[in-house]
Amino acid sequence: QVQLVESGGGLVQAGGSLRLSCAASRSIFSIDGMGWYRQAPGKQRELVATITNGGSTNYADSVKGRFTISRDNAKNMVYLQMNSLKPEDTAVYYCQAWTGVPGGVTFRPYWGQGTQVTVSS
């Protein structure tokens, strides 16, 4: 079991930057992966970026080159640096952690409560 708390959301103008933080309630050293998802009004939740325990990253095409995910195992934190923000990035951003293998029988996801990011044009 792990609890996740996001912070760092807010209102920013297009072209600006924000850094989201996700604090885990216990050591993330043994957590297989962490990531960020987002959900805009009227849309399904979508993957933004993930990072495995080994440091492998994956990004949605829409954020490649603009967003960077990182994790600090010593601080039990994962971050999402968002640059060159666009109005279409407006959404609630959720932190996720998982154990097991995605798609496998042992897969177990954990979610934070979300933080709002609003990008004005």
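Throughout these legends, a residue is called buried when its relative accessible area is under 20%, exposed when that area is over 50%, and partly exposed in between, as calculated with a 1.4 Å probe on protein chains only. The model is predicted, and local features therefore need pLDDT of at least 70, side-chain atom pairs count only at pLDDT 80 or more, and totals for chains, interfaces and linings use all residues. Residues are numbered from 1 along each chain as its sequence is written, and side-chain values use heavy atoms, with hydrogens and water left out. Helices (H or I, at least four residues) and strands (E, at least two) are DSSP runs numbered from the N terminus.

**View 1. The disulfide of C22 and C95.** A disulfide is taken here as a pair of cysteine sulfur atoms within 2.5 Å, and a search of the whole structure finds one. It is formed by C22 and C95, whose sulfur atoms lie 2.1 Å apart. The link joins distant parts of the chain, since C22 belongs to strand β3 (residues 18-24) and C95 to strand β9 (residues 91-99), 73 residues apart. C22 and C95 are both buried, and their link is left-handed, with -85° about the S-S bond.

**View 2. The network of R38, E46, R66 and D89.** Side chains of opposite charge can pair when their charged atoms come close. With a salt bridge defined as a side-chain nitrogen of Lys or Arg within 4 Å of a carboxyl oxygen of Asp or Glu, a search of the whole structure finds four. One of them joins the side chains of R38 and E46 at 2.7 Å, N to O; R38 counts as buried at 6% relative accessibility, whereas E46, at 37%, counts as partly exposed. R38 also forms a salt bridge with D89, in which the closest N and O atoms are 2.9 Å apart. Because D89 lies in the loop between β8 (77-82) and β9 while R38 lies in strand β4, this pair ties together parts that are 51 residues apart in sequence. D89 in turn meets the side chain of R66 in a salt bridge of 2.8 Å, N to O. This second pairing of D89 again links distant parts of the chain, with R66 in the loop between β6 (57-59) and β7 (67-72), 23 residues from D89. R66 is buried, with a relative accessible area of 10%, and D89 is buried as well, with a value of 0%. Through shared partners, the salt bridges join R38, E46, R66 and D89 into one network.

**View 3. The rings of Y37 and W111, with R45 over W111 and Y94.** Rings of Phe, Tyr and Trp (its six-membered ring) are paired if their centres lie within 6.5 Å, planes under 30 degrees apart counting as stacked, over 60 as edge-to-face and the rest as tilted. A search of the whole structure finds one aromatic pair. The ring centres of Y37 and W111 are 5.1 Å apart and their planes stand at 70°, so the pair is edge-to-face. It connects distant parts of the chain, Y37 being in strand β4 (residues 33-39) and W111 in strand β10 (residues 108-111), 74 residues apart. Y37 is buried, with a relative accessible area of 17%, while W111 is partly exposed at 35%. A charge is said to sit over a ring if NZ of Lys or CZ of Arg is within 6 Å of the ring centre and within 35 degrees of the ring normal. R45 lies over the face of W111 at 4.6 Å from the ring centre, and the charged end of R45 also sits over the ring of Y94, 3.7 Å from its centre.

**View 4. The largest nonpolar core and the surroundings of Y93.** In soluble globular proteins, nonpolar side chains tend to be buried together. A nonpolar core is a set of buried Ala, Val, Leu, Ile, Met, Phe, Trp, Tyr and Cys residues joined through side-chain atoms within 4.5 Å. The largest such core here has 31 residues, and those with the most contacts inside it are L4, M34, W36, L80, M82 and Y93. At least two residues of this core come from each of β3, β4, β5 (46-52), β7, β8, β9 and β11 (115-120). Contact means heavy atoms within 4.5 Å, and, leaving aside neighbours within four places in sequence, the contacts of Y93 include E6, L20, W36, V48, F67 and V117.
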